[in-house]
Amino acid sequence: MNTYKNMLIAETIADVRAQVREWKAAGLTVGLVPTMGYLHEGHTSLVDAAAAQCDKVVASVFVNPTQFGPGEDLEAYPRDFDRDCGLLEEHGCSLVFHPSVEEMYAPDAATYVEILDDMPKQLCGKTRPIHFRGVCTVVSKLFNIVTPDKAFFGQKDAQQLVVIRRMVRDMSYGIEIVGCPIIREEDGLAKSSRNTYLNAEERQAALVLSRSIALAKKLIADGNRNAEVVLTAMRALIEEEPLAKIDYVSAVDGYNLQPVEGLEPGTLVAMAVYIGKTRLIDNFIVE
Ligand code: AMP
């Protein structure tokens, strides 16, 4: 296995298994942070949480082809593994798993993990029909490879977090799923590897997502609990931005992702908005 300072770099499933076996034999707990790399403070906040709660942290850096649909940005997705290693090591990661596509998927791999109710078809699933099947499949494989005690996911990808919790329950994974808060730029934009696609003008226009959340929170604080009223105000604000095109702005039950009429504590208000060609997501949970 290669190393980067104090951190191990594993490219094979066998190397990860051997190392984790050693740690477990020594009675140590293991936290997993799955990522697609090109790391920012959103990712490192998950590593920090994992390092605080577990003896050893394993992060995966893998741009998973099975969660990208035709015409999506699989090839263009930004990558900088050396920089990722620096950040992971600094934040206390013990091992980074950086497999090739061939290591993860046999050429004739045909087994998927898929939630068959309509939860994965809501929100992002409407325009990304195979996305959550790919996410569940790769996360399930990572769980089988790493066998962590806990796994850490960001609230930034709210639907993903709900889907993973459901998969863990349905498939009886004995793994605790820890959801971590959204990390934002100073001006409010949720951090994302895809923000790198934005030019200066688009970067400014992208603030409309977090501004629409601030508006919604204010309307709710003022006593508006009707979802359609609040969503209509959010959509109107976003539509004022010429570079923005709404994919969806929705209020759904925080557990089954079904649309709701009233904004109750626990309701998930989520959106996907194109800024130019870049699709950005953001959300908040009603308090
Ligand atoms: P990704 O590399 O985009 O697949 O993200 C890997 C993990 O980092 C997922 O659990 C994301 O939800 C989480 N993540 C990405 N951006 C943020 C952010 N701004 N704040 C918190 N978590 C994030």
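Tyr38 is partly exposed, with a relative accessible area of 26% (buried means under 20% relative accessible area, exposed over 50%, and partly exposed in between, with a 1.4 Å probe and protein chains only). This is a predicted model, in which local features need pLDDT of at least 70 and side-chain atom pairs count only at pLDDT 80 or more, while totals for chains, interfaces and linings use all residues. Residues are numbered from 1 along each chain as its sequence is written, and side-chain values use heavy atoms, with hydrogens and water left out.

**Two loop residues**

- Tyr38 is not a glycine, yet has a positive phi of about 55°; it sits in the loop between E3 and helix H2 (41-53). Helices (H or I, at least four residues) and strands (E, at least two) are DSSP runs, numbered from the N terminus.
- Thr147, in the loop between H5 and E6, is likewise not a glycine and has a positive phi of about 45°.
- Thr147 counts as partly exposed, at 36% relative accessibility.

**Helix H1**

- H1 covers residues 13-25, and its 13 residues reach 18 Å from first C-alpha to last, close to the 18 Å expected at 1.5 Å a residue (the expected span is 1.5 Å times one less than the number of residues).
- Its buried residues are Ile13, Val16, Gln19, Val20 and Trp23.
- Seen down the axis of H1, these buried residues fall within an arc of 135°, so they line one face of the helix (the arc is that of the directions from the helix axis to the C-beta atoms).
- The face turned away from that buried side carries the exposed residues Ala14, Arg21, Glu22 and Ala25.
- Among the elements covering the buried residues of H1 are strand E2 (7-10), strand E3 (30-35) and helix H5 (131-146); contact means heavy atoms within 4.5 Å.
- Just after H1, Gly27 takes a positive phi of about 80°.

**The sheet**

- Seven strands form an open sheet with mixed pairing, in the order E1-E2-E5-E4-E3-E6-E7 (two strands pair if DSSP finds at least two bridges between them).
- Strand E1 (2-4) and strand E7 (176-180) stand at the edges with a single partner strand each, so one side of each is left without a neighbour in the sheet.
- E6 (residues 150-154) and E7 run parallel, joined by five bridges; Ala151 has Ile177 as its bridge partner in E7.
- H1 packs on the sheet, touching E2, E3, E4 and E5, and its direction makes about 150° with that of E5. Axes are lines fitted to C-alpha atoms, for helices over the stretch in contact, and angles run from 0 to 180 degrees between N-to-C directions.
- Helix H3 (residues 81-90) lies across E1, E2, E4 and E5, at about 140° to E2.
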